[in-house]
Amino acid sequence: MGAVGWKNWSGTVSAPRATVRAPSSEAEIVTIVRDVRAAGGCVRPVGAGHSFTPLVSTEGVLLSLEGLSGVINADARSMSARVLAGTRIRDMGEPLRAAGLALENQGDVDVQAIGGAVSTGTHGTGSTLGSLSTQLQAARLVGASGEIFESSRQDTPDIHGAVQLSLGALGVLTELALSVVPAYRLHERIWKVGVAEALADLADLTAKHRHLEFFWWPGRDRVELKALDPTEVDPDPLENVGGERIDHSHVIFPTERELVFNEIEYAVEAEKGPECFSELRACMQKKHPDVGWPIEYRTVAADDIWLSPAFECDVVAISAHQDADVEYRPFFADVEAVFRNHAGRPHWAKLHTLGPEDLADLYPRFGDFVALRRELDPTGIFLNDYLRRLLGE
């Protein structure tokens with residue numbers, strides 16, 4: 001039957017009555033989906049549980065993909081890697097490097113399952129680089145009746161833009177074909193400056209560095225800038241001092257998270273980023289001076305993915321955080337008001353309060369996604385209460 005009960009990474013989302021199943025093969029997933037469908041139930045796929053929203057919370061079957069893990073193959077000729085959906089991002093780096101390959105970009109958290117990261121639009125930073133969803137060339141899914149179907153840029157261009165960021169609402173991802181690049185090393189530089197200097201230099205720094213982000217620390221009212229750039233210099237642990245280090249890309253990208261937190265993030269049009277940040281800073285200084293967590297500021301390139309926060313425009317992703325054991329709602333409500341003042345689009349895996357009417361205004365293809373979801377899953381086997389409210393079902 002499987003275990004009962006589940007909590008997400010931060011402990012703020014739970015499914016105490018969910019039956020947790022952990023299949024080790026696609027065939028097992030097919031059987032589970034067919035059984036749940038016959039019983040008129042709900043099944044939600046879950047990866048690492050690193051989302052802060054109730055995307056997978058259910059009283060039905062919670063389908064853990066942890067048993068579907070590994071890099072199936074990595075091909076330097078086609079610059080593509082095929083991986084199982086439950087593979088943690090941290091477990092992809094070395095197999096890809098052994099094949100002379102690497103992900104073009106990734107975020108600073110690597111404990112997520114790749115299927116969940118792609119399905120929620122997880123991203124890193126870089127004004128010319130898209131989210132992980134943009135790297136999805138093809139996908140294999142188990143559909144609502146237990147059938148297997150595939151989506152790709154070449155063969156199903158009419159729906160692939162929906163599959164690339166699907167919230168687990170179109171089917172259960174089992175395999176992903178990702179675009180990759182030749183393996184490379186990164187030179188990381190971290191330095192601190194005042195807010196005025198950071199904003200004055202921001203456009204030049206963003207254009208100069210392949211990856212640039214900053215953290216504003218409210219208590220000190222200072223900015224910590226981080227730049228990552230490709231380098232041919234060999235890694236040398238003895239030189240990784242003084243705010244600089246060099247190593248393989250998959251080693252440099254992630255930052256270890258020792259403290260547990262909740263997070264809200266919105267993407268605003270790139271040209272609105274500095275103004276939005278300045279308004280957010282003023283809000284926190286006036287209404288929430290005791291918040292010690294930083295504001296994070298990153299760039300993401302435009303794409304054509306239906307539910308992507310970067311749909312058809314370059315964006316700046318700005319996020320705020322709070323301790324997992326501290327009430328976050330009043331703080332996040334004020335933060336969200338600032339984001340909405342700049343027509344921001346929420347990150348699907350992070351906290352927000354928007355409903356289907358709001359989302360339809362922000363995402364031009366929101367209605368197309370909902371219509372496709374209904375076509376592929378007319379009985380709503382992959383819907384939980386949260387998704388019903390979110391999608392207006």
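Mentor: A salt bridge is a side-chain nitrogen of Lys or Arg within 4 Å of a carboxyl oxygen of Asp or Glu. This is a predicted model, in which local features need pLDDT of at least 70 and side-chain atom pairs pLDDT 80 or more, while totals for chains, interfaces and linings use all residues. Residues are numbered from 1 along each chain as its sequence is written, and side-chain values use heavy atoms, without hydrogens and water.

Trainee: What makes Glu94 and Arg97 a salt bridge?

Mentor: Their side chains come to 3.3 Å, N to O. The cut-off is 4 Å, so the pair counts.

Trainee: Why are Glu94 and Arg97 about one helical turn apart?

Mentor: Because they are three residues apart in helix α2, residues 93-98. A helix here is a DSSP run of H or I with at least four residues, and a strand is a run of E with at least two.

Trainee: Why is Glu94 called partly exposed?

Mentor: Buried means under 20% relative accessible area, exposed over 50%, and partly exposed in between (1.4 Å probe, protein chains only). Glu94 has 42%, so it is partly exposed.

Trainee: What of Arg185 and Asp234, which also form a salt bridge?

Mentor: Their N to O distance is 3.5 Å. The pair links distant parts of the chain, 49 residues apart, with Arg185 in strand β12 and Asp234 in the loop between β14 and β15.

Trainee: How do you know which of the two is buried and which is exposed?

Mentor: Arg185 has a relative accessible area of 17%, so it is buried. Asp234 has 53%, so it is exposed.
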